[in-house]
Amino acid sequence: MKKFLNYLLLALVTICFALPLGGKAEAAKVAVVPLANNVAGDDMAGTIYMQEALALFRYPEFDLLGDDVVIAAVGEKGLTDYSKAALQKVAQATGAEIVVAMQLDKLDAKRMPQRKEATLKMDLRGKFASLDTLTGAYYYKDLRDSRTIEEAVTVRGDWKHEVLQNVVRNAFKKVTDK
């Protein structure tokens, strides 16, 4: 019985020391191409885009590559084409497993004058593309979001950028399936 307990104790000690030495999966490298913002006078859109990327692509699961590496791979002009081949070139140049790119062409909010309550007409247009080189999954979407929003009696934030934030968050969630 004593030999059995010694072997059991030896097996338990071996397992306890071997578990921390087991390999963990590496974080997927993610290249987030800076936002191609074609909306004149809107500097906040790029900030919202990067904040959502930082919030979703966190370290233990993802390793977000630096802007300098991505800009060197894309060039100063940015992406002109959002095809699978263009994203594949960025992935090869940066060594990333996931590449995400977005272009914003229009972000507009206009008041609808002939309504009882104050109403805004929102219009957002752009492109979003992502490529996962490990699975070969390519996702492309023409972003078109038009909606009317009835304003509350009190002034509530910046509607344009709230709509943009929701669109960006939903697009990034398609990439990570969260």
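Does Glu52 count as buried or exposed, and at what relative accessibility? At 9% relative accessibility, Glu52 counts as buried, where buried means under 20% relative accessible area, exposed over 50% and partly exposed in between, with a 1.4 Å probe and protein chains only.

The model on screen is predicted, with local features needing pLDDT of at least 70 and side-chain atom pairs counting only at pLDDT 80 or more, while totals for chains, interfaces and linings use all residues. Residues are numbered from 1 along each chain as its sequence is written, and side-chain values use heavy atoms, leaving out hydrogens and water.

Select Arg169 next: this residue forms a salt bridge with Glu52, the closest N and O atoms being 3.1 Å apart, a salt bridge being a side-chain nitrogen of Lys or Arg within 4 Å of a carboxyl oxygen of Asp or Glu. The pair links helix α5, which holds Arg169, to helix α2, which holds Glu52, across 117 residues; helices are DSSP runs of H or I with at least four residues, numbered from the N terminus. Arg169 counts as partly exposed, at 28% relative accessibility.

Now select residues 84-94, helix α4, in which Ala86, Leu87, Val90, Ala91 and Thr94 are buried. Seen down the axis of α4, these buried residues fall within an arc of 140°, taken from the directions from the helix axis to the C-beta atoms, so they line one face of the helix. The face turned away from that buried side carries the exposed residues Lys89, Gln92 and Ala93.

Finally, select Asp123 and Arg125, whose side chains meet in a salt bridge (3.4 Å, N to O). Salt bridges that share partners join Lys106, Asp123 and Arg125 into one network.

Definitions and conventions: Helix = DSSP H or I, 4+ residues; strand = E, 2+ residues; numbered from the N terminus.
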